[in-house]
Amino acid sequence: MLSRQNYKQMSLYLVWPPFIYLLAKNLYSPRPPVGIMSLAVSAIATFVVCWLPFLMQPDPVTTAGHVISRQFPFGRGLYEDKVANVWCSLSLVLKLKELLDPSTLIKLCIAATLMSMLPPTVLLARRPNATNLMAASVCCALGFFLFSYQVH
């Protein structure tokens with residue numbers, strides 16, 4: 001799952017609930033430092049393996065920047081006509097694109113997305129079990145779809 005996160009913006013919501021679940025399970029285990037350390041090492045190793053081909057290029061900063069700009073193409077606008085999220089619905093009565101500059105819209109989307117994902121994340125962190133993992137996964141996916149900066 002972590003490897004997909006590196007290449008597709010909409011996959012970010014997939015990795016969050018399992019990460020919180022594993023982190024909480026390890027925090028509540030009898031030997032939390034060992035579990036947390038193995039979780040950190042596996043996450044970092046996944047990122048390194050995914051990004052290594054790009055970082056081995058002659059100009060790694062430009063290459064990595066290009067990959068990130070392709071992953072998050074904010075230049076396309078707040079939403080596309082085929083995306084029926086909160087921002088698309090809200091635009092019928094409030095033209096946010098005309099009221100706010102793009103950098104403010106990006107921050108608004110990030111804040112709204114994170115706030116929508118906060119309650120299920122807190123519940124999952126406090127009670128890490130399979131039922132809460134599934135509920136948090138659905139809630140985070142829905143929050144991400146409804147509030148994120150839709151840049152397909």
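**The α2 and α7 pair**

Mentor: Helix α2 passes helix α7 in a right-handed crossing, meaning that the near helix is turned clockwise from the far one by less than a right angle. This is a predicted model, where local features need pLDDT of at least 70, side-chain atom pairs count only at pLDDT 80 or more, and totals for chains, interfaces and linings use all residues. Residues are numbered from 1 along each chain as its sequence is written, and side-chain values use heavy atoms, without hydrogens and water.

Now the geometry. α2 covers residues 12-27 and α7 covers residues 102-126. Their axes (lines fitted to C-alpha atoms over the stretch in contact) lie 9 Å apart. The packing angle is about 30°, on a scale from 0 to 180 degrees between N-to-C directions. The two helices are therefore roughly parallel, a label for angles under 35 degrees.

Next, the residues that meet. α2 brings Trp-16, Pro-17, Ile-20, Tyr-21 and Ala-24. α7 answers with Met-117, Thr-121, Leu-124 and Ala-125. Contact here means heavy atoms within 4.5 Å. By class, eight of these residues are nonpolar, one is polar and none is charged. Nonpolar covers Ala, Val, Leu, Ile, Met, Phe, Trp, Tyr, Cys and Pro; charged covers Asp, Glu, Lys and Arg; the others, Gly among them, are polar.

Finally, the setting. The protein chain has eight helices and zero strands. Helices are DSSP runs of H or I with at least four residues, strands are E runs of at least two, and numbering starts at the N terminus. Of the 152 residues, 34% count as buried, that is, under 20% relative accessible area with a 1.4 Å probe, protein chains only.

How values were computed. Parallel < 35°, antiparallel > 145°, perpendicular 65-115°, else oblique. Buried < 20%, exposed > 50% of the residue type's maximum accessible area, 1.4 Å probe, protein only.
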